[in-house]
Amino acid sequence: MSIITNQPAKMGSYSEEDVLFLLKDLSHIELEDSTINREIKVQSGQHYSESLPIEYQPPKEYVDLFWQSATEYKRKVALCVGIVAEQIYQAKGSQAILVSLARAGTPVGILIKRYIKLRYGISLPHYSVSIIRDRGIDENALHYILSKHPEGSIQFVDGWTGKGAISIELTKACNLYEKNYQVKLDDTLAVIADPGHCTSLFGTREDFLIPSACLNSTVSGLVSRTVLNEQYIGKNDFHGAKYYRELLASDVSNDYIDLITIEYPAIIHEAENIALQRKHQDIKNAFLGMQDVKQIQAGFGIDNTNYIKPGVGETTRVLLRRIPWKILMRDPASPYVKHILMLAAEKSVEVEAYPEMNYLCMGLIKSFKGTSK
């Protein structure tokens, strides 16, 4: 294992008590490209982690809808966080180290940390690290965490599952880490919602709206997506990210955390009961979402499953930072898809009814490879 020289960057609008970002600060570098240019480059072979999309700044109506959704579902989100937090604490106790997968995992890791502090009076360490599809997890960040907490037990945290690409990437990364460094890590991913049936540690398997999926950096501590570009990241560096200080006036990251944590006292009893029931259930990771994805891939003649993003959270991301082709919708009347319909209308994206799927919706990305998509 290499000598630890990296230190957590002083970045993001969260307090260091809530989370330490194990990321290299690339705020001074121009990494953004227009969505269309970026999409063409990614589809031509450039890895998505080498550049950043321009942060979508939503209109007031959309931000209002975020707050409406956050207020409406705050109790549900709090309960799901509580269920996950109880299971983590039952399994690992005070040895647990929360390791969020940046950036969607970061607010969830903070919420879990806050719940355990309130419920058990213990402040668990919490780090946010980068994992990138097809490139793995930031091993330098793992070295740092294990050097600080040699007796600890890492618990990886994310927001939700789509078709399971990150769960698979995490398992692969943990196996590789064990092979290279003889350290076995628990690859179980803790999430609020697992509609894809990709993990055994979840709040719910319902495909519902987690409000933090609605926004980008302004609900994730003003931190960008993570970057792995050899021009800026050396072999001993942490993966990189930008801190969007210029968006401070629009930042709702801490307000969102506070909105959910206020609900904790009311849900503790129910969360504890559900977590205890889970101990006696045989929970399978059947990756059911991939069955839907394969069916849609065949039905719509899509050549790459990376162009299919299932679930409310992933569909939202397609509309916020990719070039959508169309949105498939199981139930357009669901309250969880109001923001998706608003974004689709704003961007003139077709919404097609598709009742035969496990997810509420799917985002299909436009192909630029000379096809009709």
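Glu 352 and Lys 326 form a salt bridge in this predicted model, with their closest N and O atoms 2.7 Å apart; a salt bridge here is a side-chain nitrogen of Lys or Arg within 4 Å of a carboxyl oxygen of Asp or Glu. Glu 352 lies in strand S15 and Lys 326 in strand S14, so the pair ties together parts that are 26 residues apart in sequence. Helices (H or I, at least four residues) and strands (E, at least two) are DSSP runs, numbered from the N terminus. Lys 326 is buried, with a relative accessible area of 8%, whereas Glu 352 is partly exposed at 22%. Buried means under 20% relative accessible area, exposed over 50%, and partly exposed in between (1.4 Å probe, protein chains only).

Because the model is predicted, local features need pLDDT of at least 70 and side-chain atom pairs count only at pLDDT 80 or more, while totals for chains, interfaces and linings use all residues. Residues are numbered from 1 along each chain as its sequence is written, and side-chain values use heavy atoms, with hydrogens and water left out.

**The sheet around S14 and S15**

An open sheet of 4 strands has the order S13-S16-S14-S15, with mixed pairing; two strands pair if DSSP finds at least two bridges between them. Strand S13 (308–310) and strand S15 (350–353) stand at the edges with a single partner strand each, so one side of each has no neighbour in the sheet. From one strand to the next, the twist averages 20 degrees. Strand S14 (residues 324–329) runs parallel to S15, and 4 bridges join the two. In one of the bridges, Lys 326 has Glu 350 in S15 as its partner. Glu 350 is partly exposed, with a relative accessible area of 43%. Leaving aside neighbours within four places in sequence, Glu 350 is in contact with Trp 325, Lys 326 and Ile 327, where contact means heavy atoms within 4.5 Å.

**Helix packing**

Helix H2 (residues 60–92) and H10 have axes that come within 10 Å and cross at roughly 170 degrees. Axes are lines fitted to C-alpha atoms, for helices over the stretch in contact, and angles run from 0 to 180 degrees between N-to-C directions. H2 and H10 are therefore roughly antiparallel to each other (angles under 35 degrees count as roughly parallel, over 145 as roughly antiparallel, 65 to 115 as roughly perpendicular and the rest as oblique). On the H2 side, the contact involves Glu 61, Tyr 62, Leu 65, Gln 68 and Glu 72, which meet Lys 338, His 339, Met 342 and Leu 343 in H10.

**Other salt bridges**

The count comes to 25 salt bridges. Two further pairs are listed below.

| Pair | N to O distance | Sequence separation |
|---|---|---|
| Asp 186 and Lys 92 | 2.9 Å | 94 residues |
| Arg 119 and Glu 272 | 3.1 Å | 153 residues |

Asp 186 is in the loop between helix H5 (165–181) and strand S10 (189–193), and Lys 92 is in helix H2. Lys 92 counts as buried at 14% relative accessibility, while Asp 186 is partly exposed at 29%. In the other pair, Arg 119 belongs to helix H3 (residues 105–120) and Glu 272 to helix H7 (residues 264–279). Arg 119 is partly exposed, with a relative accessible area of 24%, and Glu 272 also counts as partly exposed, at 27%.
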